[in-house]
Amino acid sequence: MAAYAQFAKMNGLGNEIIVADMRGRADRITADAAIALDRDPATKFDQIMAIHSARTGGTEAYIEIINSDGSQAQACGNGMRCVVQALSSETGKREFTFETIAGILTAQEHPDGQISVDMGTPRFDWQDIPLAEPFHDTRRIELQIGPIDAPVLHSPSVANMGNPHAIFWVDQDVWTYDLERFGPLLENHPIFPERANISIAQVTSRNAITLRTWERGAGLTKACGSAACAAGVSAARTGRTERVVTVTVPGGPLLIEWLENDHVIMTGPAEWEFSGSLNPATGAWHRDEAKSSQGAA
Ligand SMILES: N[C@H](CCC[C@H](N)C(=O)O)C(=O)O
């Protein structure tokens, strides 16, 4: 039987994250374990960030990102902030370089506890999203949902932040849209061969966006960092905003900065909830009582 691994249940603006310490071991967290952990209300999560031993010199760790349906994700901005907070409280370090399936990324914790993650550079070519058919202008692609002559959502911008995103621009309050109903249809639309994270965005000023996201492989979440980045760059490239924006997701605000060197920096908080141990093969788990009560005190 696999030995138990330490984990921390955390969140990044309400994005439910499990940070699991898989360093020094060869096994992985299975899809079955992920599904079992998600089914338990105490450990229900949006992503697991599995910290594995570094595979590449100059990196702190290899991070595997697992959605709550057991699928893998290439990027998770909120989860990366949780990883930074967990490792900085363990080691006292403030600057980190990580490797993920999508490549190398850096992150840092600031003195006020806020954490910035360099989410890399966005990609906009239709092949890179990826889309199933050519669109030369991905600022606005042909895709709509609702009645054919009066679509509820239409003409999204698409972007890849490591993972695929579609951003539907709306004029009304984002809460008036039934994202729970449209999200799964759009996530699995044939135009997205690798599925997509689906967001609705209202631009409220040259520096502010309100955003709700239906996440690929996870469903409705309180926050999606990579979607906030995708919305920020898409708003700037369509002339809706400047390159520095506050993106307010249901869990709160994230600062998104699209630098001149094309990198997207996302800054926000991370929060520890409780710690425990989990079985990476089955998802069986128990709380670490000593640490939980210390944390609560
Ligand atoms: N919550 C994450 C995104 C998870 C991405 C995942 N749903 C996918 O692309 O499959 C974030 O903060 O960036």
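1. Ser275 lies in strand E19, which spans residues 271–278. The model is a predicted one. With a relative accessible area of 4%, Ser275 counts as buried because the cut-off for that class is under 20%. The side chain of Ser275 makes a polar contact of 2.9 Å with that of Trp272.

2. Two domains make up the division of the protein chain: domain 1 covers 5–120 + 270–287, and domain 2 covers 126–262. Their centres, taken over C-alpha atoms, are 24 Å apart. In the contact, 21 residues come from domain 1 and 23 residues from domain 2.

3. About 1,400 Å² is buried between domain 1 and domain 2, and carbon and sulfur atoms account for 45% of this area. On the domain 1 side, Leu13, Gln74 and Met119 provide 38% of the area buried against domain 2, which is more than any other three residues.

4. Asp69 and Arg195 form a salt bridge, with 3.5 Å between the closest N and O atoms.

5. Which elements each supply at least two residues of the side of domain 1 that touches domain 2? They are strand E2 (15–21), strand E5 (72–73) and helix H2 (77–91). H2 gives the most, with 3 residues. By class, the residues of this side of domain 1 are 5 nonpolar, 12 polar and 4 charged.

Terms used:
Residues are numbered from 1 along each chain as its sequence is written. This is a predicted model: local features need pLDDT of at least 70, side-chain atom pairs count only at pLDDT 80 or more; totals for chains, interfaces and linings use all residues. Side-chain values use heavy atoms; hydrogens and water are left out. Helices (H or I, at least four residues) and strands (E, at least two) are DSSP runs, numbered from the N terminus. Buried means under 20% relative accessible area, exposed over 50%, partly exposed in between (1.4 Å probe, protein chains only). A polar contact is a pair of N or O atoms within 3.5 Å; within protein, one must be able to donate a hydrogen and the other to accept it, and residues adjacent in sequence count only if both atoms are side-chain atoms. Domain bounds come from an automatic or database domain assignment. Contact means heavy atoms within 4.5 Å. Buried area is the accessible area (1.4 Å probe) that two parts lose on being put together, summed over both. A salt bridge is a side-chain nitrogen of Lys or Arg within 4 Å of a carboxyl oxygen of Asp or Glu. Ala, Val, Leu, Ile, Met, Phe, Trp, Tyr, Cys and Pro count as nonpolar, Asp, Glu, Lys and Arg as charged, and the others, Gly among them, as polar.
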